[in-house]
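I opened this notebook to keep track of what I looked up, entry by entry.

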Amino acid sequence: MVAPAGYGPWFEDFAVGQPLDPAPAITVGPGEAAVYQAICGDPLAISLSLPLAEAITGQPGSVVNPALVLQVAIGQSTVATRKVVANLFYRGVRQLRTVRIGDTLSTTVTVRGLREASARPDRPPRGLVLLGMQTHDNEGRLVLDFERCALVRRRSDAPTGHHDELGGTPDELDIAPFVETAPDDWNLTPLGAPQEWPIGETRSDPLRDTVTDAPALVRLTQNLAPPHRDASLGQGGKRLVYGGHTVGLAQAGLVRLLPTAATVVGWHLCDHTGPVFEDDVVDVSATLDAVHPVANGRLLAFTVIVQAERGGADPVQVLDWRPIVLAP
C-alpha cells in the first residue's frame, strides 16, 4: 500500500494481513529522553539516574522510560492512522526488553482485522482497524508486541464487506504473561523497602497537572495523526491531545504515589474514555487491584483513572489505564 503523505490511508485501503509502509527508525538519545521528561515529568527513578539504573539492572547505560518506548512505537504505527478519528483500545501491551539510551527502535505494523462502524446520519462513515505492532531494537531484538484498535474515516458509505470480530480488552487480569516477561534478574534493593498499599485502596495524586506541549510530543514520536497537529481537524475546533500524552501523565502520577516503582512491565488494558485538549487540568487516582510475588519483588496491578477539568466545568473521565508495575 502506498498513500500520498498526509492523505491516507482510508478504511477502504486496508486489507487483513497487509503490512504497512514502515516509519523512520528512531534512536532514543538523551535529547529525546529530556524532551519527554519535560513534557510528562515522570519521576520514575530508574530512567532519571544512571547510577541507579546500573545498580538495579546490573548492566551499563541509562534506561529509557518504558512510557517513552511505547510513545515511540505508537508514533511509528501512525502510518496507518492519518485518517484517524480516535484510538479505542490497546491490547496485550508488554515490554519484552529494557531499552537503553542510544538504542534505535523500528516498528512494523500489520492489519489484523477490519469492521465497518455503524452508520449514522449525523457523521461521516467510519471503520475500525485492528493493528498489530512489533517493535525491534537495532540488534533485531523484539522490544514490544501489542495491538491497538483505531477508528478511521471511510471514503464513502458503500459497503466494504468487512465485519471481523475484533474483540476488546479482557476484563479479567491474566498475570501470567507479565510474569513471563518481567525482569527477573534486577536488584530492587536500591529502591527501598516494599511500600504498603492495601489491595482495593484508592489513592489520589495531590499534584494535578496541566496538559501542555502536546504538539512537541507528537513531533518527537513522529506521530502523523492530523487531529493532534491541526485544530481545524479536532473536535469542536480544538486540537486533540494524543492519547499517549495522557498515559504519560497518568504514569507520572502513579509513580508519585508509588516512588518505589522499578518499571512498568505492561498494560492489562488502556481505554481512552474521553478526549483531552491542551490546557486541560488532569488529576490521577490509582487503585491497587492485585499483587503477585516474583523472584525479585512483586508485580502490582493497578487501575488508574484520569479525569480532566476544562473551562470551569465538572471533571470528566478521559482514561482508564491498567498498568502492571514491578516494585519491591
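**Second cavity.** By class, I find that the lining of the second largest cavity has five nonpolar residues, one polar and one charged, where Ala, Val, Leu, Ile, Met, Phe, Trp, Tyr, Cys and Pro count as nonpolar, Asp, Glu, Lys and Arg as charged, and the others, Gly among them, as polar. The residues that line this second largest cavity are Ile26, Val28, Glu32, Leu68, Val72, Leu220 and Thr221, and the space in it is about 30 Å³. I note that a cavity is a set of points, on a 1 Å grid over the protein atoms alone, where a 1.4 Å probe fits but cannot get out, and that lining residues have an atom within 4 Å of a point. Points are joined across faces, edges and corners, and a volume is the space filled by probe spheres set on them.

**Basis.** I am reading a predicted model, in which local features need pLDDT of at least 70 and side-chain atom pairs count only at pLDDT 80 or more, while totals for chains, interfaces and linings use all residues. Residues are numbered from 1 along each chain as its sequence is written, and side-chain values use heavy atoms, with hydrogens and water left out.

**Largest cavity.** A search of the whole structure gave me two cavities of 30 Å³ or more, and the largest has a volume of about 70 Å³. It is lined by 13 residues, of which Pro66, Leu70, Gln95, Val264 and Trp267 lie nearest its centre. I sorted this lining into nine nonpolar, three polar and one charged, and its largest share, four residues, comes from S9. Helices (H or I, at least four residues) and strands (E, at least two) are DSSP runs, numbered from the N terminus.

**Rings.** I then turned to the aromatic rings, where the structure holds four aromatic pairs; rings of Phe, Tyr and Trp (its six-membered ring) pair if their centres lie within 6.5 Å, and planes under 30 degrees apart count as stacked, over 60 as edge-to-face and the rest as tilted. One of these is Trp197 with Phe302, edge-to-face at 5.0 Å centre to centre and 65° between the planes. Trp197 lies in the loop between helix H4 (176-181) and strand S7 (202-204) and Phe302 in strand S11 (residues 297-309), so the pair ties together parts that are 105 residues apart in sequence. Both Trp197 and Phe302 are buried, a class that means under 20% relative accessible area, with exposed over 50% and partly exposed in between (1.4 Å probe, protein chains only). Arg203 lies over the face of Trp197, 4.4 Å from the ring centre, the criterion being NZ of Lys or CZ of Arg within 6 Å of the ring centre and within 35 degrees of the ring normal. I also found that ring pairs link Tyr90, Phe146, Trp267 and Trp321 into a cluster.

**Cysteines.** I looked for disulfides (a pair of cysteine sulfur atoms within 2.5 Å) and found zero. Cys40 is in none, and its nearest cysteine sulfur, that of Cys270, is 13 Å away. At 2% relative accessibility, Cys40 counts as buried, as does Cys270 at 0%.

Which residues other than glycine have a positive phi? I noted Asp213, with phi near 60°, and Asp279, with phi near 75°. Asp213 lies between strand S8 (209-210) and helix H5 (214-220) and counts as partly exposed at 41% relative accessibility, whereas Asp279, at 56%, counts as exposed.

Technical notes:
1 Å grid on protein atoms, 1.4 Å probe; cavity = no way out; pocket = protein on both sides within 12 Å on 5 of 7 lines; lining within 4 Å.
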